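These are my notebook entries on a single structure, kept in the order in which I looked things up.

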Amino acid sequence: MSNNSPNNSAQTTTGAPTTSANNGKNRVSSSKHFSTSVSALNNGERSKSKDSSENNSVSSTPKVHPLRNTWVFWFRQQRAPGNKVIDYEEGIKKIAAFSSVESFWSLWTHLSPPSGLQPTTDYLLFHSNVRRPVWEDPLNLAGGKWIIRLRKGVADRLWEDLVLAVIGDLFDDCRSTTSSPTAAKADGGENSEDENQYPEICGCTISVRQSEDIISLWNRVEANRQVREKIRDTIRRVLNLPPSTIMEYKTNNDSMQDKSSFRNSAIDRATLS
């Protein structure tokens with residue numbers, strides 16, 4: 001899906017754990033993927049801008065770098081103050097939508113990293129055509145998710161690298177050629193050719209828990225094993241995971257059956273060989 005406007009800034013809907021203004025300014029990306037290329041691009045543009053300003057006193061509007069898709073950050077707390085368990089959908093709150101490199105960083109640098117979140121808190125990043133980041137959403141219904149369980153203390157870098165890989169289209173080659181009827185429903189039953197506007201990757205999440213942190217990457221069509229395996233291999237590459245890392249997969253249909261995102265997931269045996 002093409003973004004609505006290249007000048008779109010991050011549109012905040014509701015609050016979420018944020019860093020202080022000073023901390024936000026000082027927070028530097030640890031990613032070796034997307035942020036590095038953006039930094040290099042910006043440095044080159046600053047140099048060009050300096051040369052241009054010497055010859056032209058008229059200031060130009062700063063260039064905005066649009067993303068291919070518009071993405072939405074969501075936030076969820078399982079327990080409210082007083083330790084009251086909240087219904088899953090009730091606890092999901094939209095933070096902001098963004099569709100450019102600049103609007104992403106203006107949001108990201110003010111969000112608390114996973115290490116700063118309380119247990120039973122989730123961050124969710126999903127394509128803007130996913131109406132709600134739940135299993136039953138039309139774009140998620142026929143899909144599933146790759147799951148990686150992390151020991152405490154390593155989630156910040158891996159979560160950032162995963163988010164940047166998703167919005168930076170590093171999974172773009174992981175696209176199913178199988179038509180998904182749920183995508184047509186999500187688009188109001190329009191021409192199936194419009195399905196090409198949807199990436200295979202629906203979104204990603206991080207779930208902060210008491211004894212572990214869990215990251216997951218959601219894809220649109222779980223029935224295509226070849227696509228699933230290509231997504232798995234891409235995750236391993238962009239996150240630079242050790243060969244011994246255990247990965248699990250669970251379909252959203254199975255999640256709807258047992259009412260759980262992570263219980264009873266299938267361990268990927270290829271990672272154990």
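**Charges over rings.** I looked up Arg228 and found its charged end over the ring of Tyr249, 4.9 Å from the ring's centre; I count a charge as over a ring if NZ of Lys or CZ of Arg is within 6 Å of the ring centre and within 35 degrees of the ring normal. Lys145 likewise lies over the face of Trp218, at 5.1 Å from the ring centre.

**What I am reading.** The model is predicted, so I note that local features need pLDDT of at least 70 and side-chain atom pairs count only at pLDDT 80 or more, while totals for chains, interfaces and linings use all residues. Residues are numbered from 1 along each chain as its sequence is written, and side-chain values use heavy atoms, with hydrogens and water left out.

**Confidence.** The average pLDDT of the chain (the predictor's confidence in each residue, from 0 to 100) is 79, and 67% of the residues score at least 70. Residues 21-26 stay under 50 and have two contacts (heavy atoms within 4.5 Å) beyond four places in sequence. Residues 33-50 are also below 50, and for this stretch the model has 18 contacts beyond near neighbours in sequence. Where pLDDT is low, the predicted coordinates should not be read in detail.

**Salt bridges.** I searched for side-chain nitrogens of Lys or Arg within 4 Å of a carboxyl oxygen of Asp or Glu, and the structure holds 15 such salt bridges. Asp172 and Arg68 form one of them, at 2.8 Å from N to O. Asp172 lies in the loop between α5 (155-167) and α6 (181-186) and Arg68 in strand β2 (residues 66-77), so this bridge ties together parts 104 residues apart in sequence; helices (H or I, at least four residues) and strands (E, at least two) are DSSP runs, numbered from the N terminus. Arg68 and Asp172 also belong to a salt-bridge network with Asp169 and Arg175.

The side chains of Arg149 and Glu248 meet in another salt bridge, at 2.9 Å from N to O. Arg149 is in strand β7 (residues 144-150) and Glu248 in strand β10 (residues 248-251), so the pair joins parts 99 residues apart in sequence. Glu248 is buried at 9% relative accessibility, whereas Arg149 is partly exposed at 33% (buried means under 20% relative accessible area, exposed over 50%, partly exposed in between, with a 1.4 Å probe and protein chains only). Arg228, noted above for its place over Tyr249, also has a salt bridge to Glu222, at 4.0 Å from N to O.

**Aromatic pairs.** I looked for rings of Phe, Tyr and Trp (its six-membered ring) with centres within 6.5 Å, calling planes under 30 degrees apart stacked, over 60 edge-to-face and the rest tilted; the whole structure gives eight pairs. Phe75 in strand β2 and Tyr123 in strand β6 (residues 121-127) are 48 residues apart. The rings of Phe104 and Trp105 have centres 4.9 Å apart and planes at 65°, so that pair is edge-to-face. Phe104 and Trp105 are linked by ring pairs with Phe73, Phe98 and Trp108 into a cluster.

**Helix α4.** Six of the eight residues of α4 (residues 101-108) are buried, so the helix is largely enclosed by the rest of the structure; Phe104, Trp105 and Trp108 are among them.
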